[in-house]
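Have a look at the structure first, then work through the notes below.

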Amino acid sequence: MASLTIARAYQHFFDTHPNRTLALTGGTLNALGDVIAQISQNIVTKEHERRPGWDAARTLRFFCFGFGLSPLLGRWNLFLERRFPLRVRRGQGKVSFGALSKRVAADQLLMAPLGLVFFVGSMGIMEGRNLRQIRQKYADIYAPALLANWRAWPLAQFVNFRYMPLPYRIPFQSACGAFWTLYLSLLNSTEDQKQDHEEALRRTIQ
């Protein structure tokens, strides 16, 4: 009953304020993924090492990224819905596997690389990195993240585009993306630690 009430409330807010609803939903689930990532990092920290605790600013950065990107993803899903209709007539006929495959291919070949460009660049800017450090981020983590994306996301997007109604595609994607955010958060954190260590060495030498 509670889940049904939440679904109805979400549908209402999506119908009346779609961009705000997608932004808040995407931002919240993105932040949740980072919280999970930070908890995981604390768990695997060795006993003799100092546990870093919860970095609220880092979680806020992930919220802001999800908040900003989700409305864009909503418009992208609407474009795919119109450009590659799964049925010739709404509610009639079999689902076209060809159209479904085109949706997934377009998403993975266009939006996935672009989304990672936004992720790496926005994280670098929000972290206060300089241009050299942001370029280094792209060099170190962009290609591994994109390859990991292509291993994990096509199947999830097949399910998403095939079975999820349009208003629920971003929440479904964001829910699956909690685990993806976990991966990105750990990857970005490792790169941040590397750059902070290099910067500390550079200052020591100077």
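Let's start with F97: this residue is exposed, with a relative accessible area of 58%. Keep in mind that what you're looking at is a predicted model.

**Aromatic rings**

- F97 pairs up with F158, and the two rings are stacked, sitting 6.1 Å centre to centre with 15 degrees between the planes.
- F97 belongs to helix α4 while F158 belongs to helix α5 (residues 131-163), so this pair ties together parts that are 61 residues apart in sequence.
- F158 is partly exposed, and its relative accessible area is 25%.
- Searching the whole structure turns up 6 aromatic pairs.
- There's also an aromatic cluster, made up of F62, F65 and F119.

**How α3 and α4 pack**

- Two packed helices are described by the angle between their axes and by how far apart those axes are.
- Helix α3 (residues 56-83) packs with helix α4 (residues 97-126) at an angle of about 160 degrees, and their axes are 11 Å apart.
- Why call them roughly antiparallel? Angles over 145 degrees count as roughly antiparallel, so α3 and α4 get that label.
- Where α3 passes α4, the crossing is right-handed.

**Who touches whom**

- On the α3 side, the contact residues include F62, F65, L69 and W76.
- On the α4 side, they include L110, M111, F118 and F119.
- Sorted by class, this contact between α3 and α4 has 15 nonpolar, 2 polar and 4 charged residues.

Technical notes:
Residues are numbered from 1 along each chain as its sequence is written. This is a predicted model: local features need pLDDT of at least 70, side-chain atom pairs count only at pLDDT 80 or more; totals for chains, interfaces and linings use all residues. Side-chain values use heavy atoms; hydrogens and water are left out. Axes are lines fitted to C-alpha atoms, for helices over the stretch in contact, and angles run from 0 to 180 degrees between N-to-C directions. Helices (H or I, at least four residues) and strands (E, at least two) are DSSP runs, numbered from the N terminus. Angles under 35 degrees count as roughly parallel, over 145 as roughly antiparallel, 65 to 115 as roughly perpendicular and the rest as oblique. A crossing is left-handed if the near helix is turned anticlockwise from the far one by less than a right angle, and right-handed if clockwise. Contact means heavy atoms within 4.5 Å. Ala, Val, Leu, Ile, Met, Phe, Trp, Tyr, Cys and Pro count as nonpolar, Asp, Glu, Lys and Arg as charged, and the others, Gly among them, as polar. Rings of Phe, Tyr and Trp (its six-membered ring) pair if their centres lie within 6.5 Å; planes under 30 degrees apart count as stacked, over 60 as edge-to-face and the rest as tilted. Buried means under 20% relative accessible area, exposed over 50%, partly exposed in between (1.4 Å probe, protein chains only).
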